[in-house]
Amino acid sequence: MEPLRSLILAAAGNDVIRRVAATAPGTRQIIARFVPGETVADALRAVKTLAADGRCATLDYLGEYTRDPAQAESTVRTYLRLLDELSKQGLSGHAEVSVKLSALTVDGDRVLAARNLGLVCEAAEQCGTTVTVDMEDHTTTDATLGVVGDARRTWPWVGAVVQSYLRRTEADVAALAYKGSRVRLCKGAYAEPADVAYADAHAVDLSYVRCANRLLEGGAYAMFATHDPRLVGLLRQRTRWYGREQGSYEYQMLYGVRPDEQRRLAAEGETVRVYVPFGEQWYGYLMRRLAERPANLALFLRALAIR
Ligand code: FAD
């Protein structure tokens with residue numbers, strides 16, 4: 001991994017930098033580019049804006065690695081309220097939710113994670129939409145896929161996420177590549193050691209393409225999460241080669257990243273889903289976005305300096 005990227009990702013876990021960032025007035029502008037707001041109402045407003053030009057959303061209430069039971073409970077309640085509002089406002093056809101298990105549980109407790117995921121899935125089912133379980137750092141991969149697998153026995157539509165930078169992912173994809181299985185394929189956003197992850201960007205891309213082929217071949221509902229123009233071009237060829245109709249797979253991009261490309265794909269009839277994070281705990285999320293595009297780092301550092 002490039003040194004700058006690892007440095008920024010290390011800062012994602014640094015409490016001092018987090019506190020400075022949270023109080024610097026200039027950071028608001030940078031946050032607003034990637035996070036439409038802190039409340040359920042802000043998230044719903046973003047869904048309506050996206051729906052107006054044919055884009056769908058997956059809503060993520062920000063938070064991760066929770067250590068406080070009250071915080072985990074409050075996260076679950078927010079998801080239930082969000083799903084209720086999606087239903088009441090007739091938006092469930094336009095949006096699903098994304099959850100991080102480390103935000104739904106405390107100190108990695110797997111039983112609590114499964115129970116709380118179940119509550120969110122029940123609410124999503126009543127609302128007529130779906131849930132995708134984000135993938136976090138590699139120490140959580142087995143537990144996350146295990147919880148998703150258990151949840152799929154009751155709610156087969158629960159989405160799994162795989163990261164092409166992990167060496168293990170092709171094997172995981174082989175098990176997930178079956179008809180109707182909803183699988184988000186991304187490159188991966190965490191700082192991972194070389195024994196578990198490819199360090200070379202080209203190797204990550206090649207792994208991405210191998211995993212994409214496997215998902216398309218196996219009949220999975222593939223959710224291609226990438227902004228990479230080369231990969232998007234290639235995926236468009238692969239979906240045709242496998243005879244996939246539009247709507248039997250989708251493209252996913254992050255809120256605030258390549259919005260013109262999102263609109264262009266949607267205008268061509270592709271299903272495009274935008275990952276919309278909202279809430280107060282934006283710090284770790286923002287740092288991962290900065291690590292992906294260090295050009296944005298200059299903006300962030302300037303924002304920290306503005307008083
Ligand atoms: P990169 O290798 O970052 O970029 C490739 C090219 O894409 C760049 O050269 C540039 O041309 C273009 N590009 C990238 N960013 C920008 C930008 N800001 N502006 C303009 N062009 C740009 N990661 C996880 O670990 N777990 C998850 O659960 C997860 N869920 C995700 C869900 C969605 C919907 C998306 C889109 C990403 C998710 N990620 C997740 C993050 C993902 O793993 C990558 O870190 C992130 O998407 C960056 O990788 P990339 O494929 O866009 O390509």
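G188 lies in the loop between β5 (182-186) and α10 (201-218), where helices (H or I, at least four residues) and strands (E, at least two) are DSSP runs numbered from the N terminus. This is a predicted model, in which local features need pLDDT of at least 70 and side-chain atom pairs count only at pLDDT 80 or more, whereas totals for chains, interfaces and linings use all residues. Residues are numbered from 1 along each chain as its sequence is written.

G188 is buried, because 20 other C-beta atoms lie within 10 Å; the classes are buried at 20 or more such atoms within 10 Å, exposed at 12 or fewer, and partly exposed in between, with C-beta atoms placed from the backbone. Leaving aside residues up to four places away in sequence, G188 touches Q163, S164, Y165, L166 and A197, contact being C-beta atoms within 7 Å. H227, in the loop between β6 and α11 (229-241), counts as partly exposed, with 17 C-beta neighbours inside 10 Å. Both G188 and H227 are among the residues that an unreviewed UniProt entry lists for "binding site", an annotation that may be inferred rather than shown by experiment.

The strands form an open sheet of eight, ordered β3-β2-β1-β8-β7-β6-β5-β4 with parallel pairing, where two strands pair if DSSP finds at least two bridges between them. β3 (131-133) and β4 (160-163) stand at the edges with a single partner strand each, so one side of each is left without a neighbour in the sheet. Within this sheet, four bridges join β6 (residues 221-225) to β7 (residues 249-254), and M223 has E250 as its bridge partner in β7.

Note on methods. Contact = placed C-beta atoms within 7 Å.
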